[in-house]
Amino acid sequence: MNYEGLLTKMQTENGSPIQYYLVFDNDFLNVNQLLNKLVTINFLNYQCLNCGLQKKIYRQGFCYDCFFKIPQAADWIISPEKSKAHLGIEERDLAYEEKVQLQPHVVYLANSSSVKVGVTRRSQIPTRWIDQGAHEAIEIVEVPNRYLAGITEVALKSFVSDKTNWRAMLKNDIKDEDLVAWRNKLKQYIPVEAAEYYLENNTEINLEFPVLTYPEKPKSLNLEKNPFFEGTLKGIKGQYLLFEDNTVFNVRGNEGAVVRITVN
Ligand SMILES: [Zn+2]
């Protein structure tokens with residue numbers, strides 16, 4: 001079977017285990033069904049997720065020009081504390097910024113290799129945790145806008161990481177953590193502006209990824225250097241496809257690539 005199209009991050013559905021989908025214009029693929037099968041990935045070209053032109057991708061699936069122009073790629077996406085829509089201040093497009101920033105956001109703790117703090121829209125839970133490859137997570141604060149979530153994350157970063165170690169996450173080099181205890185310990189560092197939004201009764205959520213074998217020494221597939229890859233799929237974790245020969249393919253990291261996927 002051949003599937004061809006523009007890569008965007010895998011869609012997911014929580015379950016035991018999590019279900020993953022690749023969604024192309026004319027094709028739809030449940031990736032779980034490829035486990036233990038020989039899969040080829042053939043890189044064809046790039047196509048910017050915004051303008052649709054065949055231009056080299058700069059970041060987040062966008063070409064250089066789009067990345068520095070469109071509201072979906074502004075600084076406040078990566079740095080929520082830079083959000084200004086709650087003050088009525090425009091960055092690139094106030095209507096877009098109000099729509100995205102002025103809605104419930106959650107500050108959470110997620111454990112993918114070690115405990116980290118993060119921010120996401122309420123509507124993105126548990127999608128965000130799945131994308132990060134977290135095997136457990138807990139919500140700690142739910143606030144009415146992105147700015148308040150951002151300043152809470154910044155305050156907590158002094159006491160807990162905000163980075164994922166992707167190699168450790170993929171090797172499943174993980175430790176079970178008591179996230180309720182972490183939350184209780186971090187409560188005192190939540191900024192005054194967000195203190196009233198603390199969630200004290202939530203419990204840990206556990207996530208189950210479809211993985212048969214974890215790679216011992218994950219090495220990342222670079223489509224430009226290796227435009228033709230073939231391997232047996234052994235698992236899916238976060239936004240990565242894990243192959244038998246230790247190759248891992250970051251689907252989200254390759255948004256904007258047009259590929260042909262063949263399943264044997
Ligand atoms: Zn573009």
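Which residues have the most contacts inside the largest nonpolar core of this protein chain? Before I answer, a word on what we are looking at. This is a predicted model, in which local features need pLDDT of at least 70 and side-chain atom pairs count only at pLDDT 80 or more, while totals for chains, interfaces and linings use all residues. Residues are numbered from 1 along each chain as its sequence is written.

Now to the core, meaning a set of buried Ala, Val, Leu, Ile, Met, Phe, Trp, Tyr and Cys residues joined through C-beta atoms within 7 Å. The largest one has 57 residues, and those with the most contacts inside it are V107, Y108, L109, A137, I140, L241 and L242. Domain 1 (2-67 + 211-263) and domain 2 (74-206) both contribute residues, so this core lies between them; the domain bounds come from an automatic or database domain assignment. In general, nonpolar side chains in soluble globular proteins tend to be buried together.

A residue is called buried if 20 or more other C-beta atoms, placed from the backbone, lie within 10 Å of its own, exposed if 12 or fewer do, and partly exposed in between. By that count, buried residues make up 34% of the 264 residues in the protein chain. F68, which sits in the loop between α1 (64-67) and α2 (75-78), has 13 C-beta neighbours inside 10 Å and therefore counts as partly exposed.

Let me stay with I140 for a moment. Leaving aside residues up to four places away in sequence, I140 touches V107, Y108, L109, R183, L186, Y198 and L199, where contact means that the C-beta atoms, placed from the backbone, lie within 7 Å.

Strand β10 (residues 136-143) pairs with β11 in the antiparallel sense over two bridges, and E136 has N206 as its bridge partner in β11.

Finally, the C-alpha trace of the protein chain spans about 55 × 40 × 25 Å along its principal axes.

Terms used
Pairing = 2+ DSSP bridges. Helix = DSSP H or I, 4+ residues; strand = E, 2+ residues; numbered from the N terminus. Contact = placed C-beta atoms within 7 Å.
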